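Here's a quick briefing to read with the model open beside you.

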Amino acid sequence: MLMAELDPRALMAARNNASWCDLVCRAHRLTTQFQEACWVQGSATLPLYPNLITLDQEGSERQIGALDRLRASSLAEPWSVKDSFSSLPLSTRGFSLLFEAQWIWRPSAQGPGRTEPSRTQVLVVRSPDQLGAWETAWDGAPPQWASRRLFPDPLLASPDLLFLAVGEDREMEAGAIASRFDGAIGISNVFPEAVPEDLLEACLGHAERTWPGLPLVGYERGEDLARMERLGFERTGALRVWQTS
């Protein structure tokens, strides 16, 4: 059976996402590797982060091989796989589907409608205390991983990351992460769940002005996807996230 032609914008989003996951995992001192057809992290399981992300639509044999090596390793279960192009038959290989989503893309801001600063003040997190407050606001409670935060302080040193928030240091109303990798700005970890669109757009606009000329990418589902579409994002392809069972 012939596969549908891959939208290059979905490939850009998948690679951006893998680079973001790679940076977070390395901040936790986990060993990662970009292989020809996938990204792999086989050291440990990290909440909310996969252990394998596929990077092309035609490398299924190499991707299945990497999966089999993870299954044969001492990696604690459950662990997860991001099938970036919904192309792997993982239901027959001992995996359960966690969710399906859509890669999304918005072109770089070209006119004054999105390049002019919003009236909403956007805070860029720069200190460890601010980062701790940001994670608490995002998670909705003190970080559930009590022994360590999900976003370690060394991430603040990366020139390719922005932890963005609307509000004060201790009263952050909304926020998101912007990550500049692979020719795009990845948008992730948006909060709160029902984020007001004007506050989210303020964060998006700040990222666009920080790194002008780059498109915005990410993935969403459900109402979060509908919100992003209202803000000018387009769907570029489906992905699936699987977990060992």
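What follows is a tour of strands, a helix, the cores and the cysteines.

This is a predicted model, in which local features need pLDDT of at least 70 and side-chain atom pairs count only at pLDDT 80 or more, while totals for chains, interfaces and linings use all residues. Residues are numbered from 1 along each chain as its sequence is written, and side-chain values use heavy atoms, with hydrogens and water left out. Helices (H or I, at least four residues) and strands (E, at least two) are DSSP runs, numbered from the N terminus. "Buried" means under 20% relative accessible area, "exposed" over 50%, and "partly exposed" in between (1.4 Å probe, protein chains only).

- Strand β3 (residues 52–54) runs parallel to β4, and 2 bridges join them; strands count as paired if DSSP finds at least two bridges between them.
- Within that pairing, K82 of β4 sits opposite I53.
- To get from β3 to β4, the chain passes through helix α2 (residues 60–72), and this β-α-β crossover is right-handed. That label means that, with the strands pointing away from the viewer, the path from the first strand over the helix to the second runs clockwise.
- β4 also pairs with strand β11 (residues 234–244), this time antiparallel, through 4 bridges.
- On the β11 side, R240 is the bridge partner of D83.

**Strand β10 and its partners**

- Strand β10 (residues 216–220) is mostly covered, with 4 of its 5 residues buried.
- Strand β5 (residues 95–106) pairs with β10 in the antiparallel sense over 5 bridges, and Q102 stands opposite E220 of β10.
- β9 pairs with β10 too, in the parallel sense and over 2 bridges.
- G186 has V217 as its bridge partner in β10.
- Between β9 and β10 the chain crosses through helix α5 (residues 197–210), giving a right-handed β-α-β crossover.

**The nonpolar cores**

- A nonpolar core here is a set of buried Ala, Val, Leu, Ile, Met, Phe, Trp, Tyr and Cys residues joined through side-chain atoms within 4.5 Å.
- Which residues touch the most other members of the largest core? They are W20, Y49, W134, F151, F163 and M172, out of 28 residues in that core.
- Elements giving two or more residues to this core are α1 (8–27), α4 (128–139), β7 (161–168) and β8 (171–181).
- The largest share, 6 residues, comes from α1.
- A second, separate core has 24 residues, including A202, C203, A207 and L225.

- Contact means heavy atoms within 4.5 Å.
- Leaving aside neighbours within four places in sequence, W20 is in contact with Y49, F151, L161, I177, S179, F181, S188 and N189.
- S179 belongs to strand β8 and is buried, at 2% relative accessible area.
- Beyond four places in sequence, the contacts of S179 include N16, W20, D160 and W211.
- G186 is in strand β9 (residues 184–191) and also counts as buried, at 4% relative accessibility.
- Not counting residues up to four places away in sequence, G186 touches N16, I177, A178, S179 and V217.
- G186 and A176 are 10 residues apart in sequence and 10 Å apart in space, C-alpha to C-alpha.

**Helix α4**

- With 12 residues, α4 reaches 16 Å from its first C-alpha to its last, close to the 16 Å expected at 1.5 Å a residue; the expected span is 1.5 Å times one less than the number of residues.
- Its buried residues are Q130, L131, G132, A133, W134, E135 and W138.
- The cover over the buried residues of α4 includes β6 (122–124), β7, β8 and β9.
- After α4 comes G140, which has a positive phi near 85°.

**Cysteines**

- How many disulfides does the structure hold? The count is 0, where a disulfide is a pair of cysteine sulfur atoms within 2.5 Å.
- C38 is in no disulfide, and its nearest cysteine sulfur, that of C21, is 13 Å away.
- C38 is buried, with a relative accessible area of 1%.
- C203 counts as buried as well, at 2% relative accessibility.
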